[in-house]
Amino acid sequence: MKVSGKVIEYERYNSKSEEKLNDPHINFGSSGSKAFPVYLQSPYIFFEEYAARVIRSEMKVLDLCCGDGVHTVSLAKSNANVTAIDIAENSIKIAKLRALHERLNNIEFLVADVEKLNFGEQKFDIIILVGSLSYLDLTSLISQIKKYLKPEGKFICVDSLDHNLIYRTNRLIHYLCSRRSWSTLVRMPNMRTIKYFKREFHDVKIKYFGIFCFLGPVLTRIFNETKAKNIIDYLDIKFALLKKYSFKFVLIASNNQL
Ligand SMILES: C[S@@+](CC[C@H](N)C(=O)[O-])C[C@H]1O[C@@H](n2cnc3c(N)ncnc32)[C@H](O)[C@@H]1O
């Protein structure tokens, strides 16, 4: 029997999280941008600063494919009502422990498939998706966003680009070693994905990061972490024409149902 990409990825994330849960020394380390090496933090810092500007405490925020909650907890520090969803129940268990560790009680966690949400009449001010476009069918995702985003709401997405050679090669190797599904290779976001968002939403803003992030480990050794990050950020400005080769992008879409 042919196993679907969704099942392969579910099992992969669920068993990785199970291993983590069984680790007697489980620790939650840093969350949000601080969970990444300094030279890779810029897209997440941009995302967090933007989220902090637009999210107010009375808002309803939906974090799709929340995984083990590494970004959910930083969003929840805004005191907004956060709903976080993932298909892998073990990842949700870790996310709940992480929220407990951070003493946050404004997050509702749900095990669910993002392509088949059922919130009835409920709508959200902000919908977030971090690092997960390649796991979802784009048409289903966009129809779910349109269904559950308030007319004045915003969809914020952070992800990697298929045109980035390192990212693409890494995924291909994982696929060849049977660690990844074929669907995650073909669904890796690219400039066509971005065009699709631009067609579907009233207003779409994008910021690109890390064209030269592969230099990060070397620059960090030569200089220091902050200088390495600053050089990579500077090169993004200088070589903006190469933006399609960026490692990460942050996309902010406003609903077109105005
Ligand atoms: C790369 S992880 C990203 C997790 C988190 N957003 C982060 O940035 O740390 C992708 C997540 O998507 C989840 N996922 C994949 N397909 C899904 C689906 N159809 N519905 C809900 N979650 C899904 C996986 O279980 C996994 O936790």
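In this predicted model, R98 is found in helix α4, which covers residues 89–101. Although its side chain is of the charged kind, R98 counts as buried because it has 20 C-beta neighbours inside 10 Å, and 20 is the number from which a residue is called buried. Leaving aside its neighbours within four places in sequence, R98 is in contact with F28, S31, D68, G69 and V73. R98 and V70 are 28 residues apart in sequence, yet their C-alpha atoms are 7.9 Å apart in space.

The helix that carries R98 can be followed along its length. With 13 residues, α4 reaches 18 Å from its first C-alpha to its last, close to the 18 Å expected at 1.5 Å a residue. Its buried residues are N90, S91, I92, I94, A95, R98 and A99. An α-helix has 3.6 residues a turn, so residues three or four places apart point the same way. The elements that cover the buried residues of α4 include α1, α3 (72–76), β2 and β3 (107–111). Just after α4, R103 takes a positive phi of about 55 degrees.

From the helix we turn to the strands. Strand β1, residues 60–64, is mostly covered, with 4 of its 5 residues buried. β1 pairs with β2 in the parallel sense over 4 bridges, and in this pairing V61 stands opposite V82 of β2. A further 4 bridges join β1 to strand β4 (residues 124–130), again running parallel, and here D63 stands opposite I128 of β4.

In soluble globular proteins, nonpolar side chains tend to be buried together. Taking I128 as an example, and leaving aside its neighbours within four places in sequence, this residue is in contact with V61, L62, D63, L64, L75 and I156.

What surrounds the ligand? The shell holds 21 residues, of which the closest are Y13, C65, G67, I87 and Y135. Both α1 (5–22) and β2 (81–86) supply at least two residues of this shell, and the largest share, 3 residues, comes from α1. By kind, the shell divides into 11 nonpolar, 5 polar and 5 charged residues.

C65, one of the residues closest to the ligand, deserves a separate look. Its place is in the loop between β1 and α3, and C65 counts as buried because it has 21 C-beta neighbours inside 10 Å. Most residues other than glycine have a negative phi. C65, however, has a positive phi of about 50 degrees although it is not a glycine.

S178 is another residue other than glycine with a positive phi, here near 60 degrees. This serine is found in the loop between α6 (165–176) and α7 (182–186), and S178 is exposed, because it has 8 other C-beta atoms within 10 Å.

The last stop is R192, which lies in helix α8, residues 191–200. Is this arginine buried or exposed? R192 counts as exposed, because there are 9 C-beta neighbours inside 10 Å. R192 and P217 are 25 residues apart in sequence and 30 Å apart in space, C-alpha to C-alpha.

Conventions: Residues numbered from 1 in each chain as written. Predicted model: local features only at pLDDT ≥ 70, side-chain atom pairs only at ≥ 80, totals over all residues. Near = placed C-beta within 6 Å. Buried ≥ 20, exposed ≤ 12 C-beta atoms within 10 Å, placed from the backbone. Pairing = 2+ DSSP bridges. Contact = placed C-beta atoms within 7 Å. Expected span 1.5 Å × (residues − 1).
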